[in-house]
Amino acid sequence: MLLTIMVNDRKVDIIIKPEQRIQEVYRELLENGYFAPVYHSKQVRVYSFRQQGYINPMLTFRQGGIYSGDILRID
């Protein structure tokens with residue numbers, strides 16, 4: 001499944017498996033230097049442009065209703 005992840009002004013297109021957890025994918029992107037950490041709260045906030053709402057980052061992409069082509073903004 002292909003998604004776009006946005007943090008501040010940086011965008012990355014990634015391919016993920018629907019059973020992966022949103023927060024774990026974001027953590028892996030941080031560890032590999034794609035983004036600088038977001039320190040606004042203890043838990044990151046994930047906004048889905050397709051759903052026009054926030055998604056629980058502890059869910060898998062499938063559980064959160066995230067599908068191929070969606071754009072996720074991480075605050």
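Colleague: Looking at the structure above, is threonine 60 buried or exposed?

Modeller: Threonine 60 is buried, with a relative accessible area of 10%, where buried means under 20% relative accessible area, exposed means over 50%, and partly exposed lies in between, using a 1.4 Å probe and protein chains only. Please keep in mind that this is a predicted model, in which local features need pLDDT of at least 70 and side-chain atom pairs count only at pLDDT 80 or more, while totals for chains, interfaces and linings use all residues. Residues are numbered from 1 along each chain as its sequence is written, and side-chain values use heavy atoms, with hydrogens and water left out.

Colleague: Where is threonine 60 placed, and which residues does threonine 60 touch?

Modeller: Threonine 60 sits in the loop between β4 and β5. If residues up to four places away in sequence are not counted, threonine 60 touches Pro18, Glu19, Gln20, Arg21 and Ile22, a contact being heavy atoms within 4.5 Å.

Colleague: Which way do β1 and β2 pair?

Modeller: Strands β1 and β2 pair in the antiparallel sense over six bridges, and in this pairing isoleucine 5 stands opposite valine 12 in β2. Their hairpin has two residues between the strands, and asparagine 8 takes a positive phi near 55° there.

Colleague: What about β1 and β5, how do they run?

Modeller: Strands β1 and β5 run parallel and are joined by three bridges, with arginine 73 in β5 as the bridge partner of methionine 6. On the β3 side, strand β5 (residues 71–74) runs antiparallel to β3 (residues 46–48), again with three bridges, and valine 46 stands opposite isoleucine 74.

Colleague: Why is β1 called largely enclosed?

Modeller: Strand β1 covers residues 2–7, and five of its six residues are buried, so it is largely enclosed by the rest of the structure. Over the protein chain, 39% of the 75 residues count as buried.

Colleague: New topic: how many salt bridges are there?

Modeller: The count comes to three salt bridges, taking a salt bridge as a side-chain nitrogen of Lys or Arg within 4 Å of a carboxyl oxygen of Asp or Glu. One of them joins arginine 27 to glutamate 31, with the closest N and O atoms 3.0 Å apart. Both residues lie in helix α1 (residues 22–31), four residues apart, which is about one turn of the helix. Arginine 27 is partly exposed at 40% relative accessible area, whereas glutamate 31 is exposed at 57%.

Colleague: What does arginine 50 form a salt bridge with?

Modeller: Arginine 50 forms its salt bridge with aspartate 70, and the closest N and O atoms are 3.9 Å apart. This pair links distant parts of the chain, since arginine 50 is in the loop between β3 and β4 and aspartate 70 is in the loop between β4 and β5, 20 residues apart. Aspartate 70 is buried at 1% relative accessibility, while arginine 50 is partly exposed at 43% relative accessible area.

Colleague: And which residue does aspartate 75 pair with in a salt bridge?

Modeller: Aspartate 75 forms a salt bridge with arginine 73, where the closest N and O atoms are 3.1 Å apart. Aspartate 75 is partly exposed, with a relative accessible area of 26%, and arginine 73 counts as partly exposed at 25%.

Conventions. Pairing = 2+ DSSP bridges.
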